[in-house]
Amino acid sequence: MKKKKRLLTLLCLGCTLVSALAFTACETDSVNQSQSQSEQTQEEPSEIEKVYAQYVVYANAQSETPLSYEQWLASIKGDDGIGIKNIYVNENGELIVELTVGEPKNLGVVVDKDDENATDAEENAQGLEFYPLGNGTYGVKAGKASYLSEITIPATYKGKKVSEVLDYFFGVAGGRAQKVIISDGVEKIADYAFNGCSSLTSITIPDSVTSIGELAFNGCSSLTSVTIGNGVTSIGYGAFSGCSSLTSVTIGNGVTSIGDSAFYYCSSLTSITIPDGVTSIGHGAFSGCSGLTSITIPDGVTSIGHGAFSGCSGLTIYCETTSQPSGWDYDWNTSDCPVVWDCNNNDVTSDGYIHVAIDTLRYGIKDGVATVIKQARNIQTANILASITYKDTTYSVTSISEDAFYDCDNLTSVVIPESVTSIGDSAFV
């Protein structure tokens, strides 16, 4: 069966759909009412703009001139204040309209999902833009989907593979999306793909992706966590640089190379696990990751660039190798972070301490007592314990080392127990 209905030109919603829902279009009477509408738009931008983007796609597909955003918004808000929160076609091809008040409305089948003659607009309900590539696949950009709060990048389009998320996916101005899901099958995230997308909080990178380009997520300042699939073999230059809210990164087992400045100034990152397959860590790869407190370098890493951990003053580096390999830059550890060599068989750092982290605080054990050692710069509170336990042995905390909280600008409170009898120079400067 061809189509039981052609996808209602989603707005047209001002007429066809709104009348089906028994809404009455409202008119702008005054400047005050116009301002009120503007305030409503600001209160729920992600939902309303998502619907508007869908409307524009379908209106264009039906060779209609879309209403402006303001005209469209007025057409779907009734006098009773009830509006449309979301519109989508479910798995049965039925058009579902979610209202701001009451139950969703099912307007019946509008798309025959099995119809081979379905229009491009129906296949691409988000309004993405697809570009043929020389290898017979498609690359993708956001296009009108830039309005949406959540975007799913498909694995196929018109029966062909979507292989690449293209550079400047949202354009030079960035998009509004908070969540992007890349479907399994996409192979490449190009240079600058999500560069400067400050609203992006979540990204799903499947195992099919093999490379993440240069500056691909640079400046995604709201991104909090990233899981890099097992298919990725290289993380490009500055790929996640400036992701200042990033607290958690899971790197897949296929990665062999972490590029220069890959995680530069990810200042909220507190821990990261480097897979055993990594052989190269670039210049400044973790420079400015001031929240890092520990990192383990597998013995297969044969190359580390200059200043790989510069600015990581509260970091302890655990190395599986017994000594510095010849392929590591002579100045790989510019911040002179304490290093534990042969960490699988040894727990004493190069400065003679055993480092222990408890409740975000770092302690050093030496000569039968514990001291508060250099802390990560982003620490906010410090409730120093009177004693700590390590490998079934208890150690009294007797001192705070010099520079322990130096440059910890976010520190708001410190509790010092009576067991502490010595505080070093510049401990709280």
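This note goes through the predicted model point by point, from the whole chain to single residues.

1. Basis of the note. The model is predicted, so that local features are reported only at pLDDT of at least 70 and side-chain atom pairs only at pLDDT 80 or more, while totals for chains, interfaces and linings use all residues. Residues are numbered from 1 along each chain as its sequence is written, and side-chain values use heavy atoms, with hydrogens and water left out.

2. Overall make-up. The chain holds 5 helices and 30 strands, these being DSSP runs numbered from the N terminus (helices H or I, at least four residues; strands E, at least two). Of its 429 residues, 46% are buried, where buried means under 20% relative accessible area, exposed over 50%, and partly exposed in between (1.4 Å probe, protein chains only). Among contacts (heavy atoms within 4.5 Å) between residues at least 6 apart in sequence, 43% join residues at least 24 apart.

3. Nonpolar cores. A nonpolar core is a set of buried Ala, Val, Leu, Ile, Met, Phe, Trp, Tyr and Cys residues joined through side-chain atoms within 4.5 Å. The largest one has 69 residues, of which F194, F217, F240, F263 and F286 touch the most other members. Strands β5 (138–141), β6 (150–153), β8 (160–165), β9 (179–182), β19 and β21 (316–319) each supply at least two residues of this core. Apart from it lies another core of 20 residues, including L361, I365, Y390 and I400.

4. F286 and S287. Leaving out residues up to four places away in sequence, F286 touches a set that includes F263, I295, A308 and S310. S287 lies in the loop between β18 (280–281) and β19 (294–297), and S287 counts as buried because its relative accessibility is 10%. The side chains of S287 and S310 are joined by a polar contact of 2.7 Å; such a contact is a pair of N or O atoms within 3.5 Å, in which, within protein, one must be able to donate a hydrogen and the other to accept it, and residues adjacent in sequence count only if both atoms are side-chain atoms.

5. Salt bridges. The whole structure contains 4 salt bridges, each defined as a side-chain nitrogen of Lys or Arg within 4 Å of a carboxyl oxygen of Asp or Glu. In one of them, E187 pairs with K161, with the closest N and O atoms 3.6 Å apart; E187 is in the loop between β9 and β10 (188–189) and K161 in strand β8, 26 residues apart. K391 pairs with D347 at 3.1 Å between the closest N and O atoms. Because K391 lies in the loop between β27 (387–390) and β28 (393–400) and D347 in the loop between β22 (339–340) and β23 (354–358), this pair ties together parts that are 44 residues apart in sequence. K391 counts as exposed at 60% relative accessibility, whereas D347 is partly exposed at 22%.

6. R377 and D407 meet through their side chains in a salt bridge (3.6 Å, N to O). R377 is in the loop between β25 and β26 and D407 in the loop between β28 and β29 (413–415), so the pair ties together parts 30 residues apart in sequence. N378 is found in the loop between β25 (369–372) and β26 (381–383), and its C-alpha atom is separated by 6.8 Å from that of S290, 88 residues apart along the chain. The side chain of N378 also reaches the backbone oxygen of S267 at 3.4 Å.
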